[in-house]
Amino acid sequence: MHSLFLSDTPPPKRQRRPSGIDFLLSKSPDKPESQDELELQSYLLDKSDFNKSPLEWWSENETKYPRLSIIAKRVLAGVSDDETEGYIKAVKNSLKINASKYIPILCKKITSDSSSCKTVVQYRDCCLAYIENCVNLCYYAAVQDPPMVIDFVPGKIFDKQSWKEYSRSGTEVEYVVWPALYLYKGGPIMTKGVVQPKENTP
């Protein structure tokens, strides 16, 4: 009689049951690896009306974005656990790693005829290279962890520690020439913004 322990064939390994985070990140064997990436790309190109509360929008679009909606609703509900944090970290990493893929998608969305940014559409043909560079810089600032902050609002009386004058002196802002850049919200300033002060009247 042959002993089971003397068999040349090793016993089959017990398969690990996929966790919730495995499911969300498409690591389960019955889900294609690229499904979450395609869902994220589809979301970046979405032209839906976003003038609703975030929770309402995600509830209405949960069939279109099943994985993203799960995490979005949990975050909006204030739920923080290992699975949620793990998924958010994975999405952030994906945004950084796939920047060369996502930036053209965003440029296409921003410069399309249906873009909500009418100024970009108006000057698209003559300023396309400039627009693309702006998208590139804003994208990389946004995907840092924590994200960098681009400040376009100096206030009526601007702080000269964060803003410098353009072509004349003054204390009250007439318009912003260039925004200020911070390492993160409430963090150190990386580059001062530029403002045009109001002309002093005698």
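1. Confidence. The average pLDDT of the protein chain is 78, and 76% of the residues score at least 70. Two stretches call for caution. Residues 1-7 stay under 50 in pLDDT, and the model gives them 0 contacts beyond four places in sequence. Residues 16-33 also have a pLDDT below 50, although this stretch has 26 contacts in the model beyond near neighbours in sequence. Where pLDDT is low, the predicted coordinates should not be read in detail.

2. Main core. The largest nonpolar core comprises 21 residues; Trp-58, Leu-68, Leu-95, Tyr-102, Ile-103, Val-135 and Tyr-139 have the most contacts inside it. At least two residues of this core come from each of helix 2 (35-44), helix 3 (54-60), helix 4 (66-76), helix 5 (82-97), helix 6 and helix 8 (124-142). Helix 6 gives the most, with 6 residues.

3. Leu-95. When neighbours within four places in sequence are left aside, Leu-95 is in contact with Leu-40, Tyr-102, Tyr-139 and Val-143.

4. Another core, of 6 residues, lies apart from the largest one; Phe-158, Trp-163, Tyr-182 and Val-195 are among its members.

5. Helix 6. The buried residues of this helix are Ala-99, Tyr-102, Ile-103, Ile-105, Leu-106, Cys-107 and Thr-111. Its geometry was also checked: helix 6 has 13 residues (99-111), so at 1.5 Å a residue it should span 18 Å. The C-alpha atoms at its ends are 18 Å apart, in agreement with that expectation.

Technical notes: Residues numbered from 1 in each chain as written. Predicted model: local features only at pLDDT ≥ 70, side-chain atom pairs only at ≥ 80, totals over all residues. Heavy atoms only, no water. Helix = DSSP H or I, 4+ residues; strand = E, 2+ residues; numbered from the N terminus. Expected span 1.5 Å × (residues − 1). Buried < 20%, exposed > 50% of the residue type's maximum accessible area, 1.4 Å probe, protein only. Core = buried A, V, L, I, M, F, W, Y, C linked by side-chain atoms within 4.5 Å. Contact = heavy atoms within 4.5 Å. pLDDT = per-residue confidence, 0-100.
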